Amino acid sequence: MAVAEWLFSCLGNGVWYRKSAWYMGLGLGVLSYALLWMNPEPDWFTSNNGSENWGLVWLITPMTLTGLAILGFKSPARTVARPTLNAWLSVVALGFAQSLTLPLPGGRLIGLAVASALMFFNTYYLRHKICAEITVGFGLGFIAVLLWEGVPGLPQLSLQGWFVAGAVCTVVLWLTRKLLSRRENELVAIYAEATDKWAIALCSIELLLLSVHSTLVYQRLAQPGFLYLTSSIIILGAIVYRSWQQPSTWGFYGIGWCLELLIAEILGFGESSIIKIAIANIALGLLTQLLGEWWRSKHRLEQLPNRWHILPLVYGVFGVALRSLTFASWTGLSTLAVAFIAIGVGRRRQRIKTPTLFGTCRDINFSI
């Protein structure tokens, strides 16, 4: 009935008739959603899988709204009112439609596929960044569900496999951004920005989850795995590739974070010892500090960006914090190494006095 009212709003004569039919169709569409929600609602809160695919029927609502929007944008006589509003309502309806289809095995794939296709048309006519981001999101959701339910002929992904899949998706998104950025087109430009944002989001989630896994490994609550190490390497390569195109402070810190995780994953295959991570962090701090000096001399810079000061100190402080409960003959050497990091960073600028003083005090303490 909702679809019939919307069709009448296109074919009927008179502004009042078209508006009345359009509002009537909108009300019936909302009512139909409320009635169909009664079917999948128990499946969201129980372990039962939906046996009826009535939720798929409601996909005709965003389909019709997108069709009305396309007719409105293409019709020179504007026989279809509110094409922009119809397109935005289709976007909203696609979001609500997922609540009806996601609990349904097999139906969730159809729902995400239809949503991705319709959002492509909505984005084409609306030319809005949010629409492009939603389109890419639905596409990624379709890929995730496809991997979750299993690709025919391939085994389902393990937990380690999901880490690799997330890392590969990040690389593909940044490669897609690079290809799209070569073309000068408004629609292509917003898709390039959307893929970049989704890649950053996936990369951040991947780094957080890898950090959690590394923490569990050193607490002996999880086991290291080759695929976790592979994920770290892929993510590191992806961040380096993205930063090489457009250097940024967050990209620099992302590389430093990923190096930390990579070393933690490698050391996790042996005896899981916090001391090893502490030593590795101090070594990374020294290496980063020396690399900063080399970078400044190579490019003949008077002053380095603040990130070259902060990252070595973060490595050093983190290393000291990890070995704070350990006292042995070698701990003085680690303290001296951190002192060298602090002094090296502090001498770069006259304004940076605190790191220098901190490093000197550490050095004196080691000597005593």
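Modeller: Let us begin with Pro-62, which lies in helix α4, residues 60-74 (a helix is a DSSP run of H or I with at least four residues, numbered from the N terminus). The model is a predicted one, in which local features need pLDDT of at least 70 and side-chain atom pairs count only at pLDDT 80 or more, while totals for chains, interfaces and linings use all residues. Residues are numbered from 1 along each chain as its sequence is written, and side-chain values use heavy atoms, with hydrogens and water left out.

Pro-62 has a relative accessible area of 0%, and therefore it is buried (buried means under 20% relative accessible area, exposed over 50%, and partly exposed in between, with a 1.4 Å probe and protein chains only). Along the chain, Pro-62 and Ser-90 are 28 residues apart, yet their C-alpha atoms are separated by 4.5 Å.

A second pair may be set beside this one. Lys-276 is found in helix α12 and is partly exposed, its relative accessible area being 34%. The C-alpha atoms of Lys-276 and Ile-263 are separated by 9.7 Å, and these two residues are 13 apart along the chain.

On a 1 Å grid over the protein atoms alone, a cavity is a set of points where a 1.4 Å probe fits but cannot get out, whereas a pocket is an open set with protein on both sides within 12 Å along at least five of seven lines; lining residues have an atom within 4 Å of a point.

The largest pocket is lined by 19 residues, and those nearest its centre are Phe-252, Ile-255, Leu-291, Trp-295 and Trp-308. The elements that contribute two or more residues to this lining are α10 (226-245), α11 (249-267), α12 (274-299) and α13 (307-322). Helix α12 also holds Trp-294, a residue that is partly exposed because its relative accessible area is 43%.

Most residues other than glycine have a negative phi. Arg-127, however, has a phi near 50°, a positive value in a residue other than glycine. This arginine lies in the loop between α6 (107-126) and α7 (129-149), where it is partly exposed at a relative accessible area of 30%. Arg-220 likewise has a positive phi, of about 60°, although it is not a glycine. It is found in the loop between α9 (186-218) and α10, and it is exposed, with a relative accessible area of 57%.

Finally, consider how charged side chains connect the helices. Side chains of opposite charge can pair when their charged atoms come close. The structure holds seven salt bridges (in each, a side-chain nitrogen of Lys or Arg is within 4 Å of a carboxyl oxygen of Asp or Glu).

In one of them, Glu-149 meets Arg-108 at 2.8 Å, N to O. This pair links distant parts of the chain, with Glu-149 in helix α7 and Arg-108 in helix α6, 41 residues apart. Glu-149 is partly exposed, with a relative accessible area of 27%, whereas Arg-108, at 16%, counts as buried.

A further salt bridge joins Lys-197 to Glu-133, the closest N and O atoms being 3.1 Å apart. Since Lys-197 lies in helix α9 and Glu-133 in helix α7, the pair ties together parts that are 64 residues apart in sequence. Lys-197 counts as partly exposed at 39% relative accessibility, and Glu-133 is partly exposed at 23%.

Asp-196 forms a salt bridge with Arg-177, at 3.8 Å from N to O. Asp-196 is in helix α9 and Arg-177 in helix α8 (residues 159-181), so that distant parts of the chain, 19 residues apart, are linked. Both Asp-196 and Arg-177 are buried.
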